[in-house]
Amino acid sequence: MKSRNTAWTDPSFEQITETFIHEYLEERKTLVSQPVCRPAGRKPEHTGISEKGRPLEDVVRELKEEIFSFGCETCHPRFLGFVPGTASCYSWLGDIMTSAYNRHAGSLANFPQGCQIESDLIRWLCDKAGFPDTAGGLFVSGGSMANLTALTIARDRLPEHDWHRGTAYVSEQTHSSVAKGLHIIGIPSDRIRCIPTDKHFQMSSALLEQAITEDLEQGLLPFAVIASAGTTNTGSIDPFSETAAICRRYHLWMHVDGSFGASVLLSGRKGLLKGIELADSLSWDAHKWLFQTYGCGMVLVRDRADMVNSFHAHPEYLKDIDADEEYMNPWNIGPELTRPARGIKLWLTLQTMGSDAVASGIEHGFELAEYAEQLLRRYPEIEIVSPAQLAVINFRFNPGRLTEEEKDSLNLRISRQIISSGYAGVFTTELNGKKVLRLCTIHPETTKEDIRNTIFLLKEYCQKLLPASGSIPA
Ligand SMILES: Cc1ncc(COP(=O)(O)O)c(C=O)c1O
């Protein structure tokens, strides 16, 4: 009998896979003593594809040594840039299992128990958000997809012949993925109003309402406000109750981008998000502050019928496997057909750790940012530009004798130096037109000592870059 032609018969596969997992888990134990970022010296050697292939052992070794060992280790406890990747070991295992079984989680019929787990977990998250019984949601690849999915649903409430008048409202601090999502659904930049923020970087409700009334007078059709639960730059939270009142008054959809901050709903500080329960939809990223490997976001919608309305498709070849409960089939409530069960790793994490341990992991992030603020306030040459909010703090070295441009350059160079030292990943952002240093402290394994040493090092670099004359070497 002819044997099956399958790569699974590669005689080296089992041994190499086992060795990889063993070595990887050993390496993780010393991750904290490895550099946070390693610049890549040269282009990878094998970018072309050969006709005959190569031994698995060589390819795996190359991946480990030449590909994965360069760039930023965003899961490192001292990677404090962006919103870091904080993947827990449980999430990692859930990811491996989901990939290993490779089940098609587009419908209940294909993967009944997996879809049920995801659906029940979504219900649990909706309860945490304070959403009503009508709510539903879906696991998607991340915050950008969650925003796009929610904005599509919001846009679909407009009659199609009015889409060209649809106008959306964001703040100066709204994440760029929202503008991208609006672009994809056909809202051009001249119909996106960017509402100024106040001194706490929160959207101004008065200016929001003014912009809506002005647009109505111009014959435009305001349809959605996008508020933030934890902006990326500063962790600021928009005034949800006021935003919701405006949305109700003018019949607008209220979307909250909680990609970063919605996880606070699982913590003792959930009161900070008061009013979020009034939103029509919510984005929430588990690969941010719920300690998941990448590719795990959620979109929650107040009325799941709106999801079905936007995404239900009836291809004839799927009719015989469509279940009665339309909204239980992920392919009916989001843009994807074939999809992995992204929620399984979060389920595994929560089942294993329990929600209390997750809550203390989130609390730890708050405490570290507050601790960083306390330390930074001791130094007169440091200006706190935005105090600790959620797990983010922004500051800058501000030697009075320098011009604004020189201060920008100084802070940028301090960031570059600490990154190239390998000790910590501290990046810059811009607030009120100034370049500032930003720490995002959501990693549950980051210690106070890590924060203290990082700040000392930043100060040291500042001193080195700032000779007595005050001018900064180019
Ligand atoms: C507030 C906010 N929204 C959306 C996103 C985009 O999320 P993702 O990178 O998962 O697509 C981010 C990413 O940092 C974010 O901080």
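1. Helices and strands in this note are DSSP runs, a helix having at least four residues and a strand at least two, numbered from the N terminus. On that basis Thr446 sits in the loop that runs between strand 13 (434–440) and helix 14 (448–465). The model is a predicted one.

2. Thr446 has a relative accessible area of 2% and is therefore buried. Leaving out residues up to four places away in sequence, Thr446 touches Pro77, Leu80, His364, Leu368 and Ile451. Ser205 is 241 residues from Thr446 in sequence, and their C-alpha atoms are 36 Å apart in space.

3. The ligand has 14 residues around it, and those that come nearest are Ser144, Thr232, Asp257, Asp285 and His287. Sorted by class, this shell holds 10 polar residues, three charged residues and one nonpolar residue. Helix 5 (143–155) and helix 9 (286–289) each contribute at least two residues to the shell. Helix 5 gives the largest share, with three residues.

4. Gly143 places a backbone N or O atom 2.8 Å from a ligand oxygen. For Thr232, a polar side-chain atom lies 2.8 Å from an oxygen atom of the ligand. Lys288 has a side-chain N or O atom 3.2 Å from an oxygen atom of the ligand. The ligand taken alone exposes 390 Å², of which the protein buries 83%.

5. Ser177 belongs to helix 6 (residues 176–184). Is Ser177 buried or exposed? Its relative accessibility is 6%, so Ser177 counts as buried. The side chain of Ser177 makes two polar contacts worth checking on the model: one with the side chain of His175 at 2.8 Å, and one with the side chain of Asn147 at 3.1 Å. Setting aside neighbours within four places in sequence, Ser177 is in contact with Ser144 and Asn147. Ser144 is also among the residues that come nearest to the ligand.

6. Helix 10 covers residues 304–311, and its buried residues are Asp306, Met307, Val308, Ser310 and Phe311. Which elements cover these buried residues? The cover includes strand 3 (136–140), helix 5, strand 7 (253–258), strand 9 (297–301) and helix 11 (330–333). At the start of helix 10, the backbone nitrogen of Ala305 has a side-chain oxygen of Asp303 within 3.0 Å.

7. How many disulfides does the model contain? The count is zero, the cut-off being a pair of cysteine sulfur atoms within 2.5 Å. Cys75 takes part in no disulfide, and the nearest cysteine sulfur, which belongs to Cys72, is 11 Å away. Cys75 is buried, since its relative accessible area is 15% and the limit for that term is under 20%. Cys296 is likewise in no disulfide; for Cys296 the nearest cysteine sulfur is that of Cys75, 14 Å away. Cys296 counts as buried because its relative accessibility is 0%.

Methods:
Residues are numbered from 1 along each chain as its sequence is written. This is a predicted model: local features need pLDDT of at least 70, side-chain atom pairs count only at pLDDT 80 or more; totals for chains, interfaces and linings use all residues. Side-chain values use heavy atoms; hydrogens and water are left out. Buried means under 20% relative accessible area, exposed over 50%, partly exposed in between (1.4 Å probe, protein chains only). A residue is near a molecule or strand if one of its heavy atoms lies within 4 Å of it. A polar contact is a pair of N or O atoms within 3.5 Å; within protein, one must be able to donate a hydrogen and the other to accept it, and residues adjacent in sequence count only if both atoms are side-chain atoms. Accessible areas come from the Shrake-Rupley method with a 1.4 Å probe; for residues, only the protein chains shown count as cover. Ala, Val, Leu, Ile, Met, Phe, Trp, Tyr, Cys and Pro count as nonpolar, Asp, Glu, Lys and Arg as charged, and the others, Gly among them, as polar. Contact means heavy atoms within 4.5 Å.
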